[in-house]
Each structure stands twice: as structure tokens, then as C-alpha cells.
Amino acid sequence: MGIGKIVRRTFLGLGTAAVGGVAFGVWYYNRPYDNPLEAAEGEGVFNPFVKIAEDGTITVITPRAEMGQGIHTTLAAMVAEELNVSLAAVRAEVGPNAPVYYNSAMLAEGAMPPHFEDGFAAQAQRETMRVVGKLFGMQVTGGSSSVIDGYVRMREAGAMARAALIAAAAERWGVAPSSLRAENGSVIDTANERTASYGELALAAATVEVDTPALKPASEWRVLGRSQPRVEIGEKVTGAPIFGIDVELPDMLHGTVVISPRFGAPALSVNMDAARAVPGVRDVVAIETQTGRGFGIIADHTWAAFEGARALEVEWGAAPYPPDDEGIDARLVEAIQADADHALMDKGDVDAAFADPQGNLVEAEYGVPYLAHATMEPMNATAQITDQGLELWLGTQAPGIVAGRCAAMLGLEYEQVTVNQLHLGGGFGRRGEVDYPLYAAALAQHADGRPIKVTWSREEDMRHDTYRPAALGRFRAVVPEGGAATAVEMKIAAPSIMASVIARTYPNLSAMGPDKTITDGAYNQPVAIENHRVSAHVADLAIPVGFWRAVGNSYNGFFHEGFMDEMAEAAGMDPLAFRLAMMGDDDRLAPARACLERVAEMAGWGEPLPEGKGRGIAHMLSFGSWVAMVVQVDATEDIRIEKVWVAADPGTVMDPRNFRDQIISGAIFGFSQALGQEINFADGRVVQENFWDYTFMSMGQSPEFEIDLLQTADKMGGAGEVATPPAAPALANAIHDATGQRLRRMPFSRDVRFLQV
């Protein structure tokens with residue numbers, strides 16, 4: 001065993017969880033994963049995250065997908081902080097696919113207890129989930145977890161490298177390491193007035209074993225906690241070829257796919273002659289993967305492939321689900337009328353409270369449609385089969401899962417699949433799926449060893465998404481005059497995301513236990529209700545559904561905070577005062593109170609508004625962050641969102657400007673679903689085709705934002721998704737304030753007109 005390997009193992013042993021280690025076997029859990037980095041000539045590899053070259057180049061491996069959220073900047077900043085260099089002194093490099101880059105924080109977010117629940121059982125469940133993340137080496141990006149997951153590991157990586165550099169200098173100079181300091185890319189011996197650059201020390205330092213260093217306290221941060229320029233922004237504004245769609249390889253073929261427009265339905269007959277006759281088309285082949293079946297067109301260029309797809313004549317079978325919106329809605333009603341599948345919140349005696357209600361009885365039904373991800377960069381992947389195995393180029397949120405699934409389909413070993421991770425032109429959960437690399441790998445089998453880039457048309461993408469599920473909610477509450485609700489029952493019906501994802505990703509496995517995503521954002525919110533039940537009713541719908549930005553919180557936020565306003569109205573209370581009353585005196589909910597009070601202060605809540613204008617408020621706890629939002633609308637003509645105020649508390653903020661950008665991005669994503677997005681079905685097929693009939697909030701519609709970041713919560717929360725859930729309910733509540741019209745179904749454009757710009 002070389003010294004370098006000892007250093008790596010020392011690093012990998014840090015930050016392990018004792019509870020999980022006991023549960024799963026200390027040795028097995030603490031075993032180090034191999035460091036996948038190979039040192040180039042004149043380069044020292046310090047650990048899986050840090051390389052330093054003799055010329056002083058510091059490379060930080062950022063193992064999460066960059067899909068516009070700025071994560072490469074923040075992860076690199078964590079390492080720079082502990083190395084005592086500026087962010088400009090390091091360069092971020094996308095890491096290879098390797099289990100050492102596992103994400104345990106995303107798995108922990110899947111634990112059932114509410115974020116503010118810290119009892120032994122809750123902690124044990126989160127630690128167990130973290131253990132699962134490490135044991136399976138799950139290199140994934142999602143769940144607003146990247147900063148949380150990297151907070152210790154990336155800083156430790158920088159601190160270990162710093163300590164090794166100091167140790168190497170101490171050995172060179174024959175002094176004690178404690179007499180030296182590392183700063184601005186050099187190790188300094190003040191007593192003897194000498195310095196050595198990190199580059200000069202790199203090769204020796206990479207072989208030194210050091211003890212676990214102490215991480216810098218926040219009070220000494222010079223990089224973290226400050227807004228930093230994005231490390232990839234230069235490439236983006238200059239149009240550098242950094243996305244999957246930009247891949248160009250020698251001798252490359254092009255392709256596209258025609259998958260059954262009715263999910264799961266087979267082709268009853270096909271005539272390939274017209275498609276094969278299109279100039280530039282080389283072949284048309286059948287595709288059958290675990291995620292779908294259809295046909296692939298192999299061509300000399302993408303346009304020919306698209307023309308071949310249009311010319312293909314296929315008769316498809318019937319859909320194994322209701323063919324239209326009415327039938328789908330009926331399935332949701334059927335599910336919600338049946339017994340619940342599970343209830344993650346069930347306390348008090350709800351049935352008795354409603355049998356003899358002591359107060360006003362409030363009842364309402366809410367609904368949301370299916371939604372597409374509609375990433376700006378169309379789905380694409382490039383694949384090549386060589387003597388060594390399969391090589392892929394794509395933007396993916398889950399490179400390890402992609403490698404495993406493609407290997408299984410082609411009969412290869414996992415190690416024979418190389419995934420070249422590229423930037424994502426939007427992900428939102430869609431690029432955690434494996435269908436598009438599977439199709440590319442399937443077509444590569446017919447490419448005679450040449451690389452083939454498989455690009456979906458926008459229409460193919462829109463009509464073959466893994467959609468945010470449609471959902472239906474029926475709610476009732478007992479609300480005394482002037483006080484908080486004493487009983488609340490929420491029934492929520494939706495197809496199971498987890499069952500759908502597991503069925504198409506790991507067909508040999510079955511989903512087990514309750515699917516948290518159905519009621520996430522409803523059962524675990526900061527309220528204290530004596531009689532409280534939130535139940536999930538799984539709808540039997542074979543339309544593929546998946547993780548969409550904020551997942552279950554995205555629609556349950558609308559349900560929860562829309563109904564909260566209705567309860568406030570029934571109590572005869574101001575919506576802000578009612579929300580505060582609903583929290584009781586639970587100290588754990590202090591961040592929620594602080595966010596609500598702060599956003600109310602920012603917005604001048606309670607001040608009179610001109611005729612035709614209104615304000616709505618909402619608060620959501622999701623992905624560990626507390627977010628309160630006030631929306632102001634002008635409804636004198638078509639409705640315009642004028643201004644949005646946000647107070648958010650994620651505990652600790654690494655990069656304030658980037659966090660604010662994520663708040664704005666998430667809110668606009670949430671407003672977009674409210675303004676007009678929906679996926680409809682007719683004849684078993686998706687109706688929408690492109691951005692012209694599946695729109696987003698335009699720049700002209702976008703409001704002014706004012707954001708304040710609080711840092712009082714005792715645990716770190718996420719950024720990327722947390723502003724999506726409160727956006728729609730705050731908007732609905734504002735429209736009600738302005739017009740008196742209560743909106744209970746998305747998109748709101750079904751019932752009101754928004755300003756078109």
C-alpha cells in the first residue's frame with residue numbers, strides 16, 4: 001500500500017455516521033471507495049476532489065451536475081476556502097462517474113419525519129438513509145441536496161490538501177508544521193522569511209499522510225458566505241460547446257426516436273419503406289428497452305433523422321390507461337373515494353372532531369394536471385460501442401444509474417461503461433431518467449462502432465416525458481371563530497412517483513413502503529393541529545411520472561397554503577395572523593414564524609392597496625428551507641404579478657447571490673405552472689407539442705423580486721426547489737384578495753386571464 005493511498009483512505013474515513021455504521025456493519029460502511037483520479041504528468045492527486053499541478057493549477061472535482069443552479073461554483077468555493085485561496089485560483093472540473101462521489105444528503109431528504117422533528121427515531125431514519133446513499137455509491141444530483149451533501153466533504157477535501165502542503169513544506173525545511181501557514185497559494189515560514197508555492201510542493205504533498213484537520217469556523221471565511229462569480233459563466237456567454245447537444249465526434253452518425261405515443265402500447269404494424277427512402281436516412285430499427293419501445297432512425301444528420309421519423313408509418317396499440325382527461329380525472333376521484341393507502345400524519349381523533357364540529361366547517365377540493373419538464377435543451381445522448389465497452393456523452397443527473405442500466409441492457413460489466421458528464425440545459429428531475437441514454441445505446445448497436453448522437457425532437461420530448469403527476473385533494477377543517485383550526489383532514493390522490501420510477505429503472509424491484517412524494521409538503525408543514533390527518537390515495541394510472549422540481553411539494557404547497565387561506569377566512573382572521581396562530585407555541589417552528597414576520601414587514605403587509613390590487617401570502621418548508629412569500633397582483637384588467645417578496649431561512653448560506661438567483665428561478669418555475677401549464681390527453685396521447693402550447697412565464701410577465709435571507713435555522717436547507725411550492729398559492733391568494741375569486745385548480749388560466757407579454 002502506497003502512502004498516497006493511505007492519504008486517500010484517511011480522507012474517505014472522515015464524516016462517517018456512527019449510527020449507520022453500527023446498523024450496517026462498521027467495516028463495510030466505512031470502507032473507502034477507490035479514488036478514480038489518475039495523476040497526469042507533473043500533477044499531484046490529493047484526494048478524489050483536489051488535484052494540484054507543478055505549475056500551480058488547482059483543480060477541484062465537482063461531482064454534481066451543473067444544470068444552471070451554479071453548483072460547480074459553490075462546491076469549488078468550499079475547497080478554495082479551506083485551501084486559503086480565492087475562487088479565481090481554482091478551476092472546476094466535472095468528475096468521472098465513480099461511487100466515491102455518492103450523495104447521501106439526497107437520500108436523507110427521503111426520510112419520512114418532518115424536517116423539524118429531531119427525536120431519536122427521526123435521526124436514526126435520516127442516518128439510515130444516508131448510509132444507503134453511501135453503500136450504493138449513488139452519484140446523483142437532485143433534491144436540492146448538493147450543497148448540503150458537499151458542505152463537510154468538499155471543505156474536508158480542501159483542508160486535507162492544505163494540511164498535506166504544509167506537511168510537505170515542513171519536511172523540506174525541517175521545521176514543525178505548526179510554525180507554517182498556507183495562504184494565497186503558498187506555504188509561508190514567517191520566522192525564516194521563506195515561501196514555497198503550492199505548485200512547488202504539489203508532488204511531494206500528494207504522498208504525505210496527515211491527520212484530520214480542523215475546518216475553518218465561519219467567522220474566518222473569506223470565500224464562503226460571499227457572492228462569487230460563476231465559474232462556468234464565461235463558457236455560457238461565449239457559446240462554448242459544453243452541453244450534450246454540442247457533442248461532435250469524428251465519423252459520427254445522427255439519430256432520433258419514435259416511441260409509442262401511448263405509453264406502454266406496442267406497435268401493431270409498421271411500414272419503414274418511406275422512412276428509409278428519405279435522403280440521408282441509413283436505417284430504421286426497432287427499439288425495445290425497459291423504459292419504452294418504438295423505432296430508431298439512423299441518419300447522416302439530425303434533419304434527415306427527423307424527416308425519417310415523420311415518414312415512418314406505424315399503427316400503435318391502445319393505451320393501458322384512460323385515453324382522455326375525463327377518464328384520468330375519474331381515476332383520481334375513484335382513488336380519493338377509496339380507503340387511504342397510508343397516512344404519514346394521523347394524530348388526535350379526527351373522526352370524532354368532525355362528527356361534532358366545534359366551529360365553522362370548511363370544505364374544498366383542489367386539483368392539478370400533469371406537467372412536463374420541458375427542458376430548454378432537448379433530450380439527447382451520444383453513444384459509441386467499442387472493443388472496450390460503451391462510451392456515453394450526455395448531461396445526466398445520475399451517471400452511475402445510467403452506467404448500470406446501459407451495462408445491463410448490453411450485457412456489459414458496469415466498469416465497461418464510460419459516462420462523459422456534460423452540462424445540462426435544464427434538468428428539473430427529467431435528466432435523472434435513463435430512457436434517453438438507453439435509446440442511444442440501443443441505436444449504437446446498429447452503428448458499426450461509430451458514435452451516434454440521438455436527438456429528440458421537441459415534440460417527441462414533450463410527448464414522452466416522465467410527468468409531474470396529476471393530483472386531486474379533498475380537504476375539510478373545523479375552524480373556531482377567531483382561532484386556529486382544531487381539526488384538519490387532507491385526502492390527496494395521485495399516482496405514485498416512486499412506483500413509476502422504480503418500475504422503469506429497476507424492473508426487477510418493487511416499490512416498498514409508503515410513497516412520501518404523494519403528500520410531501522402537506523403532512524410535514526409547520527402547523528400544530530390537535531386532530532390532524534393527511535392521507536395518500538394512490539391512483540392507478542400507467543402514465544409515467546417522475547421527479548419534477550420540488551416533486552410532491554410543488555402541488556401540495558398549492559393545496560396546503562390555498563386551503564390555509566380558506567381556513568383563515570372561515571376564522572375571520574388575517575391570513576398572516578392565522579398562519580402564526582396555527583403554529584401554536586412549538587419552539588421548533590421559530591424559523592417559520594421569523595420568515596412570515598420578516599416577509600410581512602418587507603411587503604408592508606396590512607397596508608391598504610388601491611382598488612383592483614391584492615396581496616397573498618404563503619409559507620412552505622421544503623428540502624430543509626423555510627420560505628415565506630408575498631405576491632402582489634394588479635387585477636384591474638388582465639392579471640399582472642407586480643412584485644414578490646421572499647424571506648427564506650436555509651440555516652447557512654454559502655453564496656447569497658446564487659441563493660437569491662435560485663429563489664427567483666424556483667418562484668418563476670412555480671408561477672409558470674400556475675399561469676398556464678398543463679399536459680392533456682386525448683386518444684391516449686399527449687395533446688401538447690411544443691413551447692407554443694406549453695408556455696412558461698415570459699420575461700415581460702416576470703415581477704420584481706425582493707429577497708431577504710435569514711440564517712437562524714439550526715440545519716442547512718436547500719436552494720434549488722424551495723421557492724417553487726409557495727409561488728402558486730401566494731399568487732392564488734393574491735388574486736382572491738384582489739377579486740374575491742378563489743382558485744382551486746391549476747392552471748389558473750382556466751378561470752382568469754393573465755397579462756400576455
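Colleague: Which strands does helix H8 lie across, and at what angle does H8 run to S1?
Modeller: Keep in mind that we're looking at a predicted model here. H8 covers residues 198-205. You'll find H8 lying across S1, S2 and S3, and the angle it makes to S1 is about 65 degrees.

Colleague: What is the strand order in that open sheet?
Modeller: There are four strands, and their pairing is mixed. At the edges sit S1 (43-47) and S4 (90-94), each of which pairs on one side only. Ignoring direction, neighbouring strands are turned by 25 degrees against each other on average. Reading across, the order is S1-S2-S3-S4.

Colleague: And which helix packs on the sheet touching S1, S2 and S3, with a direction about 125 degrees from that of S1?
Modeller: Look at residues 146-173.

Colleague: Which residue in S3 is the bridge partner of Val50?
Modeller: Start with the two strands: S2 spans residues 50-53 and S3 spans residues 58-62. They run antiparallel, joined by three bridges. For Val50, the partner in S3 is Val60.

Colleague: Over to H22: is this helix mostly covered or mostly open, and how many of its residues are buried?
Modeller: H22 runs over residues 724-739 and reaches 24 Å from first C-alpha to last, close to the 22 Å expected. Buried here means under 20% relative accessible area. By that cut-off H22 is mostly covered, with the buried count at 13 of its 16 residues.

How values were computed
Residues are numbered from 1 along each chain as its sequence is written. This is a predicted model: local features need pLDDT of at least 70, side-chain atom pairs count only at pLDDT 80 or more; totals for chains, interfaces and linings use all residues. Side-chain values use heavy atoms; hydrogens and water are left out. Two strands pair if DSSP finds at least two bridges between them. Axes are lines fitted to C-alpha atoms, for helices over the stretch in contact, and angles run from 0 to 180 degrees between N-to-C directions. Contact means heavy atoms within 4.5 Å. The expected span of a helix is 1.5 Å times one less than its number of residues. Buried means under 20% relative accessible area, exposed over 50%, partly exposed in between (1.4 Å probe, protein chains only).
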